[in-house]
Amino acid sequence: MTDVTPAERELGTAFLPRFDAQGLLIAIAVDSHSREILMVAYMDAEALQKTRETGLAHFHSRSRGKLWLKGETSGHFLRVEEIRVDCDQDALELRVRPEGPACHTGARSCFYRRLDGEVLARTADHPPHS
């Protein structure tokens, strides 16, 4: 592929994802209705392609080193309604319709705690055992 100028990447209409040195993009899953951030994960080219083909969020599992369909074991799929691309095309916002909790802990969102001084406290919208 030829070199892409910053102007082409940032202002153009071509989708030119900028993967990092490990071949990954940041993917932020956001509830399409409430706009709540549900989770942050990584996508490689294969995960991006599968997500676009199926409408289901696929990610690259860094710990397992392989493709991961969100919900493949839990049944808590993320149905992708829209993919937004950041200005320099190295991060994606997936606007999704969740089919259950997004977090592996069972919480609706992986962002269920806030920093309160030096400790973590549950957010009001994610009480213990939610």
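Author: What follows is a short chat about the sheet, some salt bridges and an annotated site.

Reader: What kind of model is it, and how are things counted?
Author: It is a predicted model, where local features need pLDDT of at least 70, side-chain atom pairs count only at pLDDT 80 or more, and totals for chains, interfaces and linings use all residues. Residues are numbered from 1 along each chain as its sequence is written, and side-chain values use heavy atoms, with hydrogens and water left out.

Reader: Thanks! What order do the strands of the sheet take?
Author: The open sheet has 4 strands in the order β2-β1-β6-β5, with mixed pairing. Strands are DSSP E runs of at least two residues and helices are H or I runs of at least four, numbered from the N terminus; two strands pair if DSSP finds at least two bridges between them.

Reader: And which strands stand at the edges?
Author: β2 (37–43) and β5 do; each has a single partner strand, so one side of each lacks a neighbour in the sheet.

Reader: How do β5 and β6 run?
Author: They run antiparallel, joined by 7 bridges. V80 has V96 in β6 as its bridge partner.

Reader: Switching to salt bridges, how many are there?
Author: The structure holds 9, counting a side-chain nitrogen of Lys or Arg within 4 Å of a carboxyl oxygen of Asp or Glu. In one of them, R18 meets D90, with the closest N and O atoms 3.2 Å apart. R18 is in the loop between α1 (6–11) and β1, D90 is in the loop between β5 and β6, and the two are 72 residues apart.

Reader: What about E36 and R108?
Author: Their side chains form a salt bridge at 2.8 Å, N to O. E36 sits in the loop between β1 and β2 and R108 in the loop between β6 and β7, so the pair ties together parts 72 residues apart in sequence.

Reader: Now, which residues does the UniProt "binding site" annotation cover?
Author: The unreviewed entry lists C87, C103 and C110. UniProt positions use the numbering here, feature names are shortened, and annotations may be inferred rather than shown by experiment. The farthest two C-alpha atoms are 27.3 Å apart, so these residues do not all gather at one spot.

Reader: Are C87 and C103 buried or exposed?
Author: C87 counts as exposed, at 55% relative accessibility, while C103 counts as buried, at 7%. Buried means under 20% relative accessible area, exposed over 50%, and partly exposed in between (1.4 Å probe, protein chains only).
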